[in-house]
Amino acid sequence: MTKSIYVTSTHKLAGKSLAVLFLALKARSKGSRVGYFKPIGIGSSLDAGGHLVDEDAETMRKILDLQESPDLICPVTLPRDQFLESYPAADDQKLAKRIVASYKKLSEGKDVVLIEGPDRLWTGSFAGLPSPNVAAMLSARLLLVSAFQDDSTVDDLIHAHDYCKQKGASVAGAILTRISAERMERTKRVIVPYLEARGLSVLGTVPEDRKLGALTVRDIHEAIDGKILAGKEGLHRTIQNYLVGAMTMESAMKYFRRAEDELVITGGDRTDIILAAMEAGAAAIVLTGNLHPSIKILPRADDMAIPIILVAHDTFTTLAIVQSTIGKIKPGDEGRIAIARELFERNTRVNEIL
Amino acid sequence: MKLESMFNPRSVALIGASRDPNKVGHRILRNIIEGGYGGVIYPINPEATELLGRRCYANIGDAPGPVDLAIVCVPARVVPLVAEECGRKGVRSLVVISAGFSETGREGTSLERQLVQLCRSYGMRMQGPNCLGLLSVHGKLNASFASTNPPAGNVAFISQSGALGSTILNWAVQHGAGFTNFVSLGNEADLDAADFIEAMAEDERTRVIALYIEGVKNGDRFIQVARAVTPSKPIIALKAGTTDVGIRAVSSHTGSLAGSDAAFAAAFRKAGILRVDTMEELFNLILAFEAQPVPAGRNVLIVTNGGGPGILAADACDKMGLELPLLERPLLEKVEAQLPPQASAHNPIDVLGDADEKRYALALESALASNTADAIVVVLTPQAMTPQDKVAEAVVQASSRSSGKPILAVFMGLDDRSAAIQVLRKNNVPNYLYPEQAAGVLRAMCNYAEMHGRAQDEAPRFADVDDESARRVIAAVRREGRVNLTTEESMRLANTYRIPVPTAAIATSREEAAQLADRIGYPVVLKVVSPEIIHKTDLGGVVLDIKNKEELERNYDLVIQRMRVAMPQATIRGVLVQRMYPSAREVIVGAVRDPQFGPLLMFGLGGIYVNFLRDVSYGLSPLTEKEAIGMIQETKAYALLRGVRGQPPSDIGSVVDVMLRLSHLMTQLKEVVEMEINPLFAYEKGCLAVDVRVTISREEVKGGEG
């Protein structure tokens, strides 16, 4: 009998995908044949053939090296923004049938299927298919993943739990994620018992690890469409801060040293700022306005593995792009995958889930 | 002498010698030959058997005798091969003129590294690459592509710019300045400025070393080397890149980080190097130092044949901190007696417009005999009756008496080619166009004399410091992946080096805060402790002068709430409960780790206006007591610390102690990149570091003597 777990969350960036990845890899390591299913996806990018695909589902497919086709893994892909015309109410049943049929086919021969829901619990309501309904339809137990912000997170979880129960779904429990070191002790002492007293099992309290959510230089390089001039070896570095370098070299030195994991954005003509950034241990340097730097500094950047990326945009545009980019794990990102696995392994009661 | 084979080679090979007059390889060969070099010359070129009348060899291995020095000007990619051949031949020194190395980027850099490896493996020393070459004037060796041969003398010039170098050579000829050696540093891939300073220090003929630099490779070594040399031979340095704009330009030119100007100024002071700000000053000083003795004091006697220029000269000297005392009575009367009544024997001695050489001679004699004159400035204006040439000779006469008093001529408005000027030049009397230049030169000479008259003191080592605890504080911060210490951590660090900090402790609850306040004693100060919040006062995170428990409890919650509102993402570790101390004069003591010279200490007036007044002074670690006191005395804050308007003075000694301890801390704990105590309260007795901020380096740095 295939065991299925439907993982959903109350808000974006809760670490839902990480939880799914961890569970899938864990199940596999225990010898189970694992499947991954995403009933309703968001078409966030185009594939080679020009079709809308759900990027996260694609990422998962690649990391887990799944044999099924993208269409089977993600049978319904909603375009962003305007999609209602394509999904008239009359077709609700068809949609539900399509989901069930794909799931049936995908789960053949599998011991465990991880089902990933959309970021928000009620996405799909327009067609009568919010997550609890779909989970019930597929006989899956729900796992709620929620990033712990403050005590109001408890409101979100209790509400979600009630909602799921109302819709007739069975909830296995919740995993609290992204708990800061300072708040961990209280979370375990106050929050967890509070939720459990209200009937919601807390199956994990996962601490925050900045490296997971942070952007890497590679992420930024792709987002800003830049050209790597030097320091290719350092693309894996994580970025926590952005500093614009327009001041004197001495001031620059001071600020760069005080920041941690910073990306320095400056003009290619500011050799002094570029050198100060390298000396102060910046993670990477972006040069704007297509101004090439003095070639003399490139060998140093290579030696120190500090990426220097050239873009055509101006500083303002570059900053805007960078600040709206979200760091996600990509296939091949072995480092972060390992961190995520370790984190979840140590902080969840995974045996009660799988 | 160090680098003997470079400066006194018995044989020179030129690899890349060329028949083509447009090639560098041709020009250098011409220069070597026409310069009059008396040793063996081996032009090397596989496609010639004879060049400019000399037997030419296909490669250096073919040269029949040993080769001390090889000049290389073949294309960059071939240079390593050539260097290998030189190594096998047993060549001792290389001068690589060729460009195309680290100054061109990646490939050039790896080529350069290869070249240095090769040289090291054969024990060869290399100048350059990418340089103008070298001149050894006494040995008549011009191994450069600058065709000018300067006169022989006692100045060594080391230049980081080839272009400036050729300018100096031309100038030397025009002004009769004599040189021993000239070195164009190039990329400094192997030998750097410090190496050449060492070599020139050992060269008996060199009495003055002049330097043009934009940066240094190894700051510590540069200071150490220079420091050992300057007491016996002045080093005059022109550093480019002193302004922010200049620093930017230097970075582009050299591709390396140009140190801050404050650090360079402090480095030069520590090394006893005379710094000049302009090319003009550089030339002026060279002329004086090479020809005249250093004065024993700051007293100057001016002799002039024009009242107006005499006054200008007096003004200039005064501005330069020089003194103009009168001649002693007997000498004064003697001079007065022999001059017309309207002349003046007071300083400046005005011998009048109709003076002949005898009047000048009289004044000069008296100056030489006087105990009140350490240096003499002779001003001459071209009046109709003035026998310029004869006056020049009188000056030369006086100069040749070796009195130990420098004589500087200011023969104004004369044609450069005039006989008078030539006489001065030929006889080692520097002549300046304007009295201000002479005054500036004398000031530099006096500074040099004073710098090296003082005994050097050593930086103290404090035995009462707790190095281990200090390292533990830093390690704990690093484990959390932070580089900025919280206020509380910074204070603890300062305390390990016995820098006085306020009595304080962290509370994580209101009750605890109240208990701590009771123990510490009211009034107290509350400060929020958070790694992310740096400017607490601006955000309302500090409450002063809490007088009792009720105020404390109220403000405890308030101060945390304010922080939560202002910076919701910040993690609050607790609240620091600190004893409130009476206020006092505020100063800043800080240190920053300069990438070239290491810890740079700063002292200045503190308080909220410091960023605007910028009354600061700098000094490099290891800081000595004399240096620390000097730093304080340099600032305007010093006047306040000494006590003004009836207020008692502050305990400057305790401030000095803090500066020295900070210097020691920065030397021992290499991971600290910045540490600032602002404000440091300077009381009548003792001082207190009221707020401390520390930043550590990104990665762990091993080292220190701990």
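Seven strands of chain B form an open sheet with mixed pairing, in the order β9-β8-β11-β10-β12-β13-β14. Strands are DSSP runs of E, at least two residues, and helices are H or I runs of at least four, numbered from the N terminus. Two strands pair if DSSP finds at least two bridges between them. This is a predicted model: local features need pLDDT of at least 70, and side-chain atom pairs count only at pLDDT 80 or more. Residues are numbered from 1 along each chain as its sequence is written.

**Sheet of chain B**
- β9 (141-144) and β14 (274-276) of chain B stand at the edges; each has a single partner strand, so one side of each lacks a neighbour in the sheet.
- From one strand to the next, the twist averages 15 degrees.
- β12 (residues 208-213) and β13 (residues 235-239) of chain B run parallel, joined by five bridges.
- Leu211(B) has Ala237(B) as its bridge partner in β13(B).

**Helices on the sheet**
- Helix α6 (residues 193-202) of chain B touches β10, β11, β12 and β13 of chain B (contact: heavy atoms within 4.5 Å).
- The direction of α6 makes about 170 degrees with that of β12(B) (axes are lines fitted to C-alpha atoms, for helices over the stretch in contact; angles run from 0 to 180 degrees between N-to-C directions).
- Helix α9 (residues 261-271) of chain B touches β12, β13 and β14 of chain B, and its direction makes about 140 degrees with that of β14(B).

**Contacts of Leu23(A)**
- Not counting residues up to four places away in sequence, Leu23(A) touches Val7(A), Leu114(A), Leu143(A), Val350(A), Ile353(A) and Leu354(A).

Technical notes. Chains are lettered from A and ligands numbered from 1 in the order in which they are written. Side-chain values use heavy atoms; hydrogens and water are left out.
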